[in-house]
Number of protein chains: 2
Amino acid sequence: MPHDLTVAVVGATGAVGREMLKILEEREFPATKVRALASSRSAGSSLPFQNGELIVEELTEASFADIDLALFSAGGETSKKFAPIAAKAGCTVVDNSSAWRMDPEIPLVVPEVNPEALKTHKGIIANPNCSTIQMVVALKPLHDAARIKRVVVSTYQAVSGSGNKAIEELRKQVTQLFNMQEPEAKVYPHRIAFNCLPHLDAFLDNEYTKEEMKMVDETKKIMGDDSIRVTATTVRVPVFYGHSESINIETDLKLTSREARALLSQAPGVKVLDNPAENIYPMPINAAGEDETFVGRIREDESIDNGLNVWVVADNIRKGAALNTVQIAEVLIRENLLLS
Amino acid sequence: MPHDLTVAVVGATGAVGREMLKILEEREFPATKVRALASSRSAGSSLPFQNGELIVEELTEASFADIDLALFSAGGETSKKFAPIAAKAGCTVVDNSSAWRMDPEIPLVVPEVNPEALKTHKGIIANPNCSTIQMVVALKPLHDAARIKRVVVSTYQAVSGSGNKAIEELRKQVTQLFNMQEPEAKVYPHRIAFNCLPHLDAFLDNEYTKEEMKMVDETKKIMGDDSIRVTATTVRVPVFYGHSESINIETDLKLTSREARALLSQAPGVKVLDNPAENIYPMPINAAGEDETFVGRIREDESIDNGLNVWVVADNIRKGAALNTVQIAEVLIRENLLLS
C-alpha cells in the first residue's frame, strides 16, 4: 500500500453494507480511513465500527473526491448512476449490484475462480449474484479437472438475500401465524413463512426469472467458458441466512465421487462436509457467519455416463455478497490495481 | 358393491391414518363399516369420524377375519408382518409403507398413471412414496406425448412426511428459537427450523438416501418403463404441509412449454398454476388440504435440445399418502377387484 487508503461502503445501512463493515473490521482491511455512505434518509445515523462508530454520510456526486476504493451495495439504480462518477473521480468501485455484471467491459470476479480478470478493469468491478458465487467456487475445480458440459441447479435461498426488510418479514409472519393472526406479505408477493416461493426477482419473457438467468449468464462469464450450459430453478425458502443449492453436473471426463471429493478438498474457499454416516453435510444454519463455501452429498449420478450431484451451501450475505466484495478489494490492493 | 363392505384403517392414529379417515368421510367412501386399528398403545382411544367417533381397536393377527379392505399406514415392520396375514384372511390390503413397493409380485399404483396394474394383485397393493406420487402424476402426460429419457429432481419436503412428531418438532423449535432457548432436535438429526436438511431416510452404500432411490426405482416401476433415467436429491425444508419438486426433464421428442402446459392441463389429477405475470405458481401453503398435483413454472430448458423445467407441488399427506391409498381402494371397488 503506497499511500493512505480511504475506503467507503456505499449503502452502509443495508444488510450487505453492515456485513461489509463487519468484514473490513474482522479482516483488518488495510484502510487508513473507512467511511459509510447512504441515501439522505439514513444520513446522520451511526453504525458500529471497530471500537467506535461511523456517522453515515449522504451519498452525493461530490462524495468520491477523497475516496480511493468504494464498495457499493445500494441497489442497481444507485450503482448505475454513481459508479461511473466515482471511477471518473479516480475511485475504484467494487459493485455488488446487478447493474454492471454483464457489461463486456466490466470484470465479473470471484477471487478463487478468475482473479486475473481484475487486471483489465477500468474503474468498476462487478461482484456476482450470491447464488452464482457459491456455485462457481464449487464448480471451478471440477471444471479444471474434467470440463463441465452442463449444470442443472435448483436453489434454496434465504430471505436475507432480499435485505433487512425480508428478515423482519419472515420473523413477523411466523409470530403472526403462531398467534393465530393473518400473516402480512409485503416484501414478497406471497407468505414466505413455512412456504416455498419459486420466484426470485422479476420474470422475463423466456419464462425464467432474472435470478435464474443470472446463474446461467454469470457462470459462463466468470468461468470464461461460453460452452458451459446451465439451467436453473431458483426458490426462496423460510431460512434466515445461507443459500443452499442442489447441483447436477455433467462433465466431459469421468470423475468418481472420490475424485470429486479430493479435488474439492484442495480447492480455495471450499470446505467439504461429506460424511453421511455421521450425518455430516452442509446446512444453512452452520454456514451462516462462515467464510467458506461448504460442499457435501457428493455422489455420482448414474443416470448419465459422467455425472455428479453435489449440495453446496454458503452464507449469502458473506461469501454471496459482502465477503466476496472485500476479497476482490484485497486482490486489487495486493496486486496494486487501484486506479489511484 | 355386491355386499356389505368393512374397511379398516391400520395405523389410524398417525398423521396419515387420521387423514385416511377424513378422506373416507369426505369422499363418502362406500363402506358399510369403518374400523380404526392401531398398536396396543393407542387401543381404546377414540378418533372423530362422521358425526360420531371410532374407538381404536388393537391390531392383532385375528383382526382381519371380518375386514374386506385394509388401508395400512403403520410403518414397514407392521406391514411386513400383518399384510400377508390380512391377505390370507381374504382382506385386500392397500399398503402405504415401503415394505412391498419393489416386490415384483406387488402392484405399485398411482391411479392416474397405472390403474391397470391393479388387475394382477394377489391381495396386497403398494402405495408409492409421497415424493414419487406427485412426480409421476406430472410426468405421465409428458412421457405419453414425448417419451421421457431422463429426470433430474430436487425436492423441498415438508415435515409432515415424518409424522405428527415432526410437525410438533418444527413448531416447538421455532417457539424455542423465538424465546432465546436452544432448540431440541429429536426427530431429525439436526434442527429443521429455518434450516434445510439434505437428508431423508437412511443413507445407502451408493451415497444416496433411501428416499432418493425410491424416486429412482419407484418411478420406473409405476411408469412401466425401465429406460427412464432418474437422479434425485431429496431435502427437508421447514414447511408443515406440501412437498415441492424442481424437476428437469429430457424428452425424446421436443415439447414446447406451451405444448407441455396444454398436455398437463388435460391430465387427470393435475392442476396447472402457471401465470408468472400474476405471481401465480404452485406453493405448499396453497396445496395443503387439496387433492390435485399442482404444476407450474413450465419452461423450456435451453441447455439441451429437448428439455423442460417444471415445479410440482402436492399435499404430501393427501395425494402423497392417504388420498392415493383411498383412490386405489376406489378403483378396486369400482372394478370389482377385491379378494372377497
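Start with one residue: Arg261(B) touches Glu207(A), Val272(B), Asp274(B) and Ile298(B), leaving aside residues up to four places away in sequence. Touching, or contact, here means heavy atoms within 4.5 Å. Arg261(B) sits in helix H6 of chain B, residues 257–266. Helices (H or I, at least four residues) and strands (E, at least two) are DSSP runs, numbered from the N terminus. Arg297(B) is 36 residues apart from Arg261(B) in sequence, yet their C-alpha atoms are 9.7 Å apart in space.

A quick word on the ground rules. This is a predicted model, where local features need pLDDT of at least 70 and side-chain atom pairs count only at pLDDT 80 or more, while totals for chains, interfaces and linings use all residues. Residues are numbered from 1 along each chain as its sequence is written, chains are lettered from A and ligands numbered from 1 in the order in which they are written, and side-chain values use heavy atoms, with hydrogens and water left out.

### How the chains meet

Chain B brings 56 residues to the contact and chain A brings 57 residues.

The count between the chains is eight salt bridges, each a side-chain nitrogen of Lys or Arg within 4 Å of a carboxyl oxygen of Asp or Glu. Arg150(A) and Asp301(B) meet in a salt bridge through their side chains, at 2.6 Å from N to O. On the chain B side that touches chain A, the elements giving two or more residues include strand S9 (148–156), helix H4 (164–178) and H6 of chain B. That side divides into 29 nonpolar, 16 polar and 11 charged residues. Ala, Val, Leu, Ile, Met, Phe, Trp, Tyr, Cys and Pro count as nonpolar, Asp, Glu, Lys and Arg as charged, and the others, Gly among them, as polar.

### Inside chain A

Chain A is divided into domain 1 (6–128 + 321–334) and domain 2 (132–316), with bounds from an automatic or database domain assignment. Their C-alpha centres lie 25 Å apart. In contact here are 21 residues of domain 1 and 16 residues of domain 2. Met102(A), Glu112(A) and Val113(A) supply 35% of the area that domain 1 buries against domain 2, more than any other three residues.

Between these domains there are two salt bridges. Asp291(A) forms a salt bridge with Arg27(A), with the closest N and O atoms 3.8 Å apart. On the domain 1 side that touches domain 2, helix H1 (15–26) and helix H8 (318–334) of chain A are the elements that give two or more residues. H8(A) gives the most, with three residues.

Here are the buried areas, meaning the accessible area (1.4 Å probe) that two parts lose on being put together, summed over both.

| Parts | Buried area | Share on carbon and sulfur |
|---|---|---|
| Chain B and chain A | about 4900 Å² | 58% |
| Domain 1 and domain 2 of chain A | about 1500 Å² | 63% |
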